[in-house]
Amino acid sequence: MDSVQPRIRPFDDRDAEAVVDLSLRAWAPVFASLERVLGSEIFRRLHPDWREDQRRAVKDVCASQKGRVWVAEVGASVVGFVSVGVYDPERSMGEISMLAVDPDHHGGGIGTALTGFALDRLKEVGMKVAMVETGGDPGHAAARRTYEKAGYVLLPIARYFKNL
Ligand SMILES: CC(C)(COP(=O)(O)OP(=O)(O)OC[C@H]1O[C@@H](n2cnc3c(N)ncnc32)[C@H](O)[C@@H]1OP(=O)(O)O)[C@@H](O)C(=O)NCCC(=O)NCCS
């Protein structure tokens, strides 16, 4: 997809439905990948209703992190969002807590634009280090590439699951 220049502006309560909708569509392949990697038994135990959990998580972030959530618009449509938080104030460490782009717009540079924008906001409030957590599985490949492109250094962490 050709690169598009989104308009990035603060989240407004009226954006909630569009943000939840694009998030659920963006995360569907990510959860499908998790299910393939973990197997259905473990996956269903960890995520009995990922859509509901994700809907709630996105709504909570939008409601509780006022002033720290932004949306990307292309034309009149909301096509992505990003939220930031202070991860460790003593170490001046901030984080991107959520990032998603409408799958119809993947590959257009919107995730990269939102990431750069979020890092600038963290710098503005005095953060010296930015952290972001994501998966090492194939479903999170785009997220990893987005963060690595933005200059993040990868610290591999392994988490294992076993059916008992
Ligand atoms: C991660 C995400 C926000 C990226 O949004 P996007 O608008 O497609 O990002 P960009 O267009 O800026 O692309 C970023 C890079 O990822 C690469 N990429 C896209 N899909 C990829 C894939 N499946 N595997 C590897 N790299 C991929 C792009 O090619 C680009 O790198 P490049 O410039 O070197 O070509 C989007 O894929 C998404 O919403 N994913 C689901 C939710 C998610 O994983 N959120 C973040 C972690 S919890």
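Where does E73 lie?

Analyst: E73 lies in strand β2. Before going further, a word on the ground rules: this is a predicted model, so local features need pLDDT of at least 70 and side-chain atom pairs count only at pLDDT 80 or more, while totals for chains, interfaces and linings use all residues. Residues are numbered from 1 along each chain as its sequence is written, and side-chain values use heavy atoms, with hydrogens and water left out.

The strand label comes from DSSP, where strands are E runs of at least two residues and helices are H or I runs of at least four, numbered from the N terminus. E73 counts as buried because its relative accessible area is 12%; buried means under 20%, exposed means over 50%, and partly exposed is in between, with a 1.4 Å probe and protein chains only. The side chain of E73 has a partner: a polar contact at 3.1 Å with the side chain of R9. A polar contact here is a pair of N or O atoms within 3.5 Å; within protein, one must be able to donate a hydrogen and the other to accept it, and residues adjacent in sequence count only if both atoms are side-chain atoms.

A72 is in strand β2 too, and with a relative accessibility of 0% it is buried. Its C-alpha atom is 9.1 Å from that of F11, though 61 residues separate A72 and F11 along the chain.

L34 sits in helix α1 and is buried, at 18% relative accessibility.

Now the ligand. It has 21 residues around it, and the closest are L99, G109, T112, R145 and K149; a residue is taken as near when one of its heavy atoms lies within 4 Å. The side chains of R145 and K149 also show up in the polar pairs: an N or O atom of R145 is 2.7 Å from a ligand oxygen atom, and K149 likewise has a side-chain N or O atom 2.7 Å from an oxygen atom of the ligand. The protein buries 72% of the 940 Å² that the ligand exposes when taken alone, with areas from the Shrake-Rupley method and a 1.4 Å probe; for residues, only the protein chains shown count as cover. Two or more shell residues come from each of α1 (16–38), β4 (93–101), α4 (110–124) and α5 (141–149), and α5 gives the most, seven residues. H106 has a polar side-chain atom 3.4 Å from a ligand oxygen atom.

By residue type, the shell splits into 11 nonpolar, eight polar and two charged residues. In that scheme Ala, Val, Leu, Ile, Met, Phe, Trp, Tyr, Cys and Pro are nonpolar, Asp, Glu, Lys and Arg are charged, and the others, Gly among them, are polar.

Strand β4 is also where G94 lies. G94 is buried, with a relative accessible area of 0%, and its C-alpha atom is 26 Å from that of P138, 44 residues away in sequence.

The loop between β3 and β4 holds S92. Its phi is positive, about 50 degrees, although S92 is not a glycine. S92 is partly exposed because its relative accessibility is 21%.

Another loop residue is V132, between β5 (129–131) and α5. V132 is buried, at 18% relative accessibility, and its C-alpha atom is 9.5 Å from that of Y87, 45 residues away along the chain.

As for the record, an unreviewed UniProt entry annotates residues 6–164 as "domain: N-acetyltransferase". Positions follow the numbering used here, feature names are shortened, and annotations may be inferred rather than shown by experiment. Across residues 6–164 the chain is 43% helix and 21% strand, with 47 Å between the end C-alpha atoms.
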